[in-house]
Amino acid sequence: MTSSAVRVHRLAVIRGDGIGPEVIDASLEVLAAAESVFGFRAELTEISAGARHYLATGELWTPALQAQLREHDAILFGAMGDPVVAPGILERGFILEMRRSFQQAVNLRPVKLYPGVTTPIDGLTPDRCDLVIVRENTEGAYVGRGSTVHAGTPHAVAVQESVNTRMGVERVVEFAFRLAERRGGTLTLCHKKNILVEAGTLWQSTVDDVSARFPTVPVDYVHVDALCFYLPTTPERFNVVVTDNLFGDIITDLGAAIQGGLGVAASANLNLDGSGPSMFEAIHGSAPDIAGRGWANPIGAVLSTAMCLAHLGETDAARAIEAAAVHVLAQLPATAGPGMGFSTAQLGREIAGLLTSGAPVPAVPGYSVMDDLAALR
Ligand code: IPM
Ligand code: MG
């Protein structure tokens, strides 16, 4: 490729259900603005998937779809889940299959309180809340293994297994150490090793072993219940937190609440070995109750799109989108719902307009997960 050749990124776009299409539309508007300013090209493939597609075709995660997605550099994902399909069918049958099939081993979820955002934690300031949760993304209780006997009787027995492999744990722990090393911060293992002794021992011994390769990274441990106390009260205690799939699911919603709500929280589902595409999604779900009203905050999806660009090496675009989105976010009286004062689409246009206008926007203070993603590609 000559230096004048346009950088092309092939992105698969899965709008999905509920507010997914709205937040993706807003994100694509921002993406188009970033293309025009930063000189790369995003080649988009729209993928039909979600509740309506499932009802019409009976298809969820098919081999053909997998093969098609594999041809892409990354996936932008809206949301999935709709009351017309029984709970869990789409979530397990599509989202979890996607994370597992493409070995998206790390679910990277920043918990960053951006300036001007109202947090439910009285007195919390952005400088005290700037951490990343590294959630294991393919194992644990999410493998969907277990059994029920005597179902529907008073003698029903339900067994739900949590599977933890040394390989799966080690790759996410190693990623978390690399991240902590880059950020010059502490690596905290979050588990419940006093009770979940088998899994907890595997996690702790993996952290101990990997830590020998990262002598400059201080290591800490907290039980997951204690973390739920410390995260809202003293978030400054954490820089990089590594945890299992289920704990990570739970504590990242808590993190989202602290940083101003689910509409703000972004995530990257990272394949670490190049065997499949990574996937980028806001951490909110499909929120069918507010779908189609323009009340969804697209900033979590826009920041996820920026994370995607950072992962693809478009760091300048990623940082510019983050700065523009954060600048717009600071002006919102509420982080979701009609109280935002802007519709979902208007917010996309505001952020896109800010990018193309070239107007100066303050840099986002603190650590940049966009730089982290570019560096840890
Ligand atoms: C998330 C969501 C998903 C999860 C659901 C929708 C499968 O809650 O991304 O946090 O549990 O991982
Ligand atoms: Mg969740």
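This is a predicted model: local features need pLDDT of at least 70, side-chain atom pairs count only at pLDDT 80 or more; totals for chains, interfaces and linings use all residues.
The domain assignment divides the protein into two parts. Domain 1 is formed by residues 9–107 together with residues 260–376. Domain 2 covers residues 119–258. The centres of domain 1 and domain 2, taken over C-alpha atoms, are 23 Å apart.

The unreviewed entry lists residues 10–351 as "domain: Isopropylmalate dehydrogenase-like".

The interface was then examined. Contacts involve 24 residues of domain 1 and 22 residues of domain 2. Between them, domain 1 and domain 2 bury about 2000 Å². Carbon and sulfur atoms supply 56% of that area. On the side of domain 1, the greatest losses of area to domain 2 fall on Asn-107, Tyr-367 and Leu-376. Together, Asn-107, Tyr-367 and Leu-376 make up 32% of what that side buries.

Polar and charged pairings also cross the interface. Two salt bridges are counted between domain 1 and domain 2. A salt bridge links Asp-372 to Arg-182, with 2.9 Å between the closest N and O atoms. The polar contacts across the interface of domain 1 and domain 2 number 15 residue pairs, with both residues at pLDDT 80 or more.

Four elements of domain 1 each give two or more residues to the side that touches domain 2. They are helix H4 (89–101), strand E4 (106–112), strand E11 (266–270) and helix H12 (369–375). H12 gives the most, with four residues. By residue class, the side of domain 1 that touches domain 2 holds 13 nonpolar, seven polar and four charged residues.

Backbone geometry was considered last. Most residues other than glycine have a negative phi. His-150 has a positive value, near 55 degrees, and is not a glycine. His-150 sits in the loop that joins strand E6 (146–149) to strand E7 (157–160). Ala-287, also not a glycine, has a positive phi of about 40 degrees. Ala-287 belongs to the loop between strand E12 (278–282) and helix H9 (299–311).

Notes:
Residues are numbered from 1 along each chain as its sequence is written. Chains are lettered from A and ligands numbered from 1 in the order in which they are written. Side-chain values use heavy atoms; hydrogens and water are left out. Domain bounds come from an automatic or database domain assignment. Contact means heavy atoms within 4.5 Å. Buried area is the accessible area (1.4 Å probe) that two parts lose on being put together, summed over both. A salt bridge is a side-chain nitrogen of Lys or Arg within 4 Å of a carboxyl oxygen of Asp or Glu. A polar contact is a pair of N or O atoms within 3.5 Å; within protein, one must be able to donate a hydrogen and the other to accept it, and residues adjacent in sequence count only if both atoms are side-chain atoms. Ala, Val, Leu, Ile, Met, Phe, Trp, Tyr, Cys and Pro count as nonpolar, Asp, Glu, Lys and Arg as charged, and the others, Gly among them, as polar. UniProt positions are given in the numbering used here, feature names are shortened, and annotations may be inferred rather than shown by experiment.
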